[in-house]
Amino acid sequence: MQVQRVVLNSRPGNNGEPSPENFRLEQIHLTSDLEDGQVLVRTLYLSVDPYMRCRMNEDTGAGYLASWKLSECVDGGGVGVVESSRCSALTEGDVVTSFNWPWQTHAVMMGGGLQMVDPQMVDGHLSYFLGAVGMTGLTALLGVREKGHVTKGANQTMVVSGAAGACGSLAGQIGRLDGCAKVVGICGSDEKCKALVEDLGFSAAINYRSGDVSARLKETCPAGIDVYFDNVGGATSDAVIEQMNKGGHVILCGQISQYNKDVPYPPPLSDKTQEILQSRNITRERFMVLSYMSKAEAALSELSQLVKSAQIKVLETVVNGIENMGVAFCSMMKGGNVGKQIVKIPDRGKIPAR
């Protein structure tokens, strides 16, 4: 079987900006002869995510993340369908997902490393298993629940940076559903601001590319900020933390503005911001969803119900074709996506509905 795959062609360097040329499309021969425990899968959707920037370096800076190797197939979140199986737990037609899915149109994988999913959980929107009802949704839901300390009736104000991205767009909606009186999103375009307010129910949105973020925060958060879901870091986070109330909580989820820089994770704060955290007794705890996987099954069930009942709305930016993986990744890193960035792999057969 001839299949296409994407390999890491070059590294951007610790302080370099990634480009589509860092990835290379290849055609290889894939055997369809399976060994015991293996399955042949056809890829339906692939995910590109900010954390992947770290994997492009020789050293990811994170013990739980392995670097991608030059001239070897790249991997990440993926969803596909089993075409043939020698794994007792999986049969032809099963829909499966994995965090370590190779960027290939077809792949032979060990069945034990795949999770079978029920398309009814997402009303057939299989890409949602990579976003709202997958790792991204878990990060948003458990991040708010475990680190945000949102209390119904407490009149809290939440601010979300990277609010029009995959995780931020969900976190803001969850904060509102859990009881925040006001949820304000920070993003990078007027189009995104409009989507946050009109489509997702945010109280207000701030375009950090135009105008003074600090001034707009004072306008939209007159009583100060109690909870900050931080996906961005840098100057944006400094501006938010400066206006946080005593006893507030920072959910340290991501720092995408810093990922192209050779700095430790999480990046160091300015002396001024650090002093504000200490003097106001504001918690700023790193959130790693992998530490809470014992709660994943219940959380995914809840996310499924929230999505199916339209209490949470899902935004996606979909690019077609495995040849566009590098373009999609680089666009996402520059904020070109609204909601979850997904790459759809054109299928030669019918996507299963079961």
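Is Phe 287 buried or exposed? At 5% relative accessibility, Phe 287 counts as buried, a word used for residues under 20% relative accessible area, with exposed meaning over 50% (1.4 Å probe, protein chains only).

## About the model

This is a predicted model, in which local features need pLDDT of at least 70 and side-chain atom pairs count only at pLDDT 80 or more, while totals for chains, interfaces and linings use all residues. Residues are numbered from 1 along each chain as its sequence is written, and side-chain values use heavy atoms, with hydrogens and water left out.

## Aromatic rings

Rings of Phe, Tyr and Trp (its six-membered ring) pair if their centres lie within 6.5 Å, and planes under 30 degrees apart count as stacked, over 60 as edge-to-face and the rest as tilted. By this rule the structure has 5 aromatic pairs. The ring centres of Phe 287 and Tyr 292 are 5.3 Å apart and their planes stand at 20°, so this pair is stacked. Tyr 292, at 18% relative accessibility, also counts as buried. Elsewhere, ring pairs link Phe 23, Trp 68, Trp 103 and Phe 329 into a cluster.

## The cavity

A cavity is a set of points on a 1 Å grid over the protein atoms alone where a 1.4 Å probe fits but cannot get out, and lining residues have an atom within 4 Å of a point. The structure holds 1 cavity of 30 Å³ or more. Among the 15 residues that line the largest cavity, Ala 132, Ala 166, Val 314, Leu 315 and Lys 340 are the closest to its centre.

Domain 1 (2-131 + 314-344) and domain 2 (150-291), with bounds from an automatic or database domain assignment, both give residues to this lining, so the largest cavity lies between them.

Definitions and conventions. 1 Å grid on protein atoms, 1.4 Å probe; cavity = no way out; pocket = protein on both sides within 12 Å on 5 of 7 lines; lining within 4 Å. Points joined across faces, edges and corners; volume = space filled by probe spheres on them.
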